[in-house]
Amino acid sequence: MTHFETHAAIRDGGRLHDYVDGLLAGSERAAVEAHLASCAACRDETSRILALRARLAAAPRDIQPPRDLWPELRARLAARPAHRETDLPRVAPGVESGPTAGERAVGMGRPLPALLSATRAAARRATRRHALLAAAAVLLVATSSVVTATLFRRGSQARVVAQQSAVPAAPRGGEPTGPAAVSAGYERAAADLAATLEARRDALAPETVAKVEASLRVIDSAIAEARTALARDPGNQTLVELLSVTYRQKLDVLHRAAELSTGI
Amino acid sequence: MRAATAPTAPTAPTARVAPAPPARRPWAAHPARVARLAAAALLASAALLAPVRARGQTQVDERRPLLATGSVKLYNLFGSIRVIGWERDSVAVTGTLSLGERLFVGGTPQGLKIGVESPEERTVRGAHLVLRVPARARVWVKTSGAEIVVSGVTGGLDLYSVGASIRVTGSPRELNAEAMDGAVEVNGSPAWLRVKTATGAIALRGGGEDVRLSSVSGPITVQGGTLGRGAFENVTGDIQFAGAVERSGALTFDAHSGGVDVALARSVAADFDVVTIAGEIENYVSPTRPVAGRDARGRELHFATSPDGARVTVRSFKGRVVLRAAP
Amino acid sequence: MPFDPPPPGPRAPCAMETSDGGAVRRAVAGEPDAFEAVYRAHVGRVFALCLRMAGDRRDAEELTQDVFVRAWERLPSFRGDSTLGTWLHRLAVNVVLERTRSDVRRTRRVEATDDVAALASPAPRDSPDERMDLEQAIASLPEGARTVFVLHEIEGYRHDEIARLTGSAVGTMRAQLHRARQLLMEALGR
């Protein structure tokens, strides 16, 4: 082949890139190197590719998100139904017993409550979830409902209200799961935001405060209805999702109100 | 399996390895942080900022160069704000300030900050400003009671209001609008659209690739466009959708007690999944009747107008769901 | 096909011997707040990957959350045969590629074409820096080329791995990589 033909074959065939990437060996590599010895344009191109790679090698591997994603993420995690890809039997809250032999065998230092005997036999994810949800639904009904309309009341009272509603009574032996976790996670996040807002109350116009409170009352009423329904029908995925959406809207309103208070 | 060592260039120059600048684009920072930045900028030294002192009602006319894809932040609590996209690489702020108000303009050709400082925050009259920006710029506006009207911007928009309405005409690449009880109206098809209100009505006349509209009690209305992906959420307000969705797209509607009315264009192939806990479902699209839900509670409706169509999901707690076929 | 983490199996007793072992143990047991330590330690890496693959900040934020949600679900199956960071990273690549495959929306960025002018912001004469930011240049690449480019040049995957992950032929993948490099070199003025 003529120099020109070789040059075209190497450039069009991406051989320079392959050469830079260390993918060529033996005669192929020798051919490219021979060509480079006599072709300034290809030498220049190879240098450019190497320079680009060097620049990329210096690019940061770690970039922090411009805003903290944890609060939203935490709320999403807490809203997930008890569905984790584990082969270990999970908890039915309210039933306490020591670790099973199986659990001890895998070295779980922390004692876990045993499954209800009915679900232990099945041990399928769906069945496990249903039992979990049924048991957790009992918890849900027992927890105090949240009314954050009192959000902006001055003094410690607002904080007390927020705290009372923060977390449903923890089941013996572990964290709430299923729908109770939906509530618990969001209530915690809402309580955090409510406390922040309380601290910045003076930064908001009274009419704005009134608007925010009115919306929160609407949302809380919807949440209460959904939770009541969920208590009667704990396996209802539609209800869980509706509840999650409503909770997210509540956090949204609280979050936006908090942002308003940071304006000049 | 990698080949042997990667080669060095025959005459490799010293690689100029400049540390890459951070990926963050200043305008895209979290609104609260941007607000604080705006605050800091307004209170910063006079070397950076140029206050325009107002005596009585003052006319303002400030012009600054700005990159075509630069960013502009505007802060004006009360009055009115009009944003117009134009084909110049500059920003022009014109309008009037009320007694005692001051206009601050500062920044660089990559990012400008403009703020109106009022001596007393609850000034009724406020500043009435017209802001002309490069059409492809990114514009961030924060207000409490100043109506925001935007046209001709194709870049990005972040608009925040409390009680004032927001109206956008055109199809920006990205539009994020948040208001409490102000209404938000979009006439166009932003590629990416997020609107949130508490009680304000939301109206989209147009479509979009990725749309999410969320309100607590304001009515949500979508008409006339084609969406790629749409999510609509309301607690007590109604949701009305009249439009189309891409075949490979998806629409989801979540409502607590508000009604959901979906009128898809007849030509649209769609797979419907409708569930209500305590409400009713009316289907005028196909002969399929709703059936009792799980454990005989609630109502459900599942049908497809055509295989492999768009997914349309409706979840309602106790509102009325109506499905119709638009002409 | 996506490169899946190993299937769940009986957990090795010492699987959690990592630097953040205590937090991981508690996170596996289902505590969202313990998972926060895991999140904080790895979010920068995950976000960097998502940002460069997605080419857009908002998408990257959503994807980052999706990655950690999936990590939360799959954490019990993490067997410690790689570092947690490596495991998270593979998971992140899978999440991003799945979303890219199933996501039907067109890119909402400026239409990325081979036209270099579309890549570089027009810089006025008085602009101090006419060279485009590296990250912006990467973000402006066409999606397929960008995916391949980021996986190879920044994340260090091999050709055959990338071909398998993206479901394309090695030849196609190579061509996209070369094209991406060409576009970047032109955009960066090197």
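Axes are lines fitted to C-alpha atoms, for helices over the stretch in contact, and angles run from 0 to 180 degrees between N-to-C directions. The model is predicted: local features need pLDDT of at least 70, side-chain atom pairs count only at pLDDT 80 or more, and totals for chains, interfaces and linings use all residues. Residues are numbered from 1 along each chain as its sequence is written, and chains are lettered from A and ligands numbered from 1 in the order in which they are written.

**Exercise 1.** Classify the packing of α11(A) against α12(A).

Step 1. Helices (H or I, at least four residues) and strands (E, at least two) are DSSP runs, numbered from the N terminus. Helix α11 of chain A spans residues 206-232 and helix α12 of chain A residues 237-260; their axes lie 10 Å apart at an angle of about 165°.

Step 2. Angles under 35 degrees count as roughly parallel, over 145 as roughly antiparallel, 65 to 115 as roughly perpendicular and the rest as oblique. α11(A) is therefore roughly antiparallel to α12(A).

Step 3. The crossing of α11(A) and α12(A) is left-handed (the near helix is turned anticlockwise from the far one by less than a right angle; clockwise would be right-handed).

Step 4. Two residues are in contact if their C-beta atoms, placed from the backbone, lie within 7 Å. Residues of α11(A) in the contact include Val212(A), Leu216(A), Ile219(A) and Ile223(A), and those of α12(A) include Leu239(A), Leu243(A), Tyr247(A) and Val253(A). By class, the contact of α11(A) with α12(A) has 16 nonpolar, 4 polar and 2 charged residues (Ala, Val, Leu, Ile, Met, Phe, Trp, Tyr, Cys and Pro count as nonpolar, Asp, Glu, Lys and Arg as charged, and the others, Gly among them, as polar).

**Exercise 2.** Classify the crossing of α2(C) and α3(C).

Step 1. The axes of α2(C) (residues 32-54) and α3(C) (residues 57-74) come within 8 Å and cross at roughly 135°. α2(C) is therefore oblique to α3(C).

Step 2. This crossing of α2(C) and α3(C) is right-handed. Among the residues making the contact are Phe35(C), Tyr39(C) and Phe47(C) of α2(C), with Leu63(C), Phe68(C) and Trp72(C) of α3(C). The contact of α2(C) with α3(C) divides into 13 nonpolar, 1 polar and 2 charged residues.

**Exercise 3.** Describe the burial of α1, α4 and α5 in chain A.

Step 1. A residue is buried if 20 or more other C-beta atoms lie within 10 Å of its own, exposed if 12 or fewer, and partly exposed in between; C-beta atoms are placed from the backbone. Helix α1(A) (residues 3-12) is hardly covered, with 1 buried residue among its 10. Just after α1(A), Gly14(A) takes a positive phi of about 65°.

Step 2. Helix α5(A) (residues 70-79) is mostly covered, with 7 of its 10 residues buried, including Leu73(A), Arg74(A) and Leu77(A).

Step 3. Helix α4(A) (residues 40-57) reaches 26 Å from its first C-alpha to its last over 18 residues, close to the 26 Å expected at 1.5 Å a residue (1.5 Å times one less than the number of residues). Its buried residues include Cys42(A), Glu45(A), Ile49(A) and Leu52(A). The cover over the buried residues of α4(A) includes α1, α2 and α3 of chain A together with α6 and α9 of chain C.
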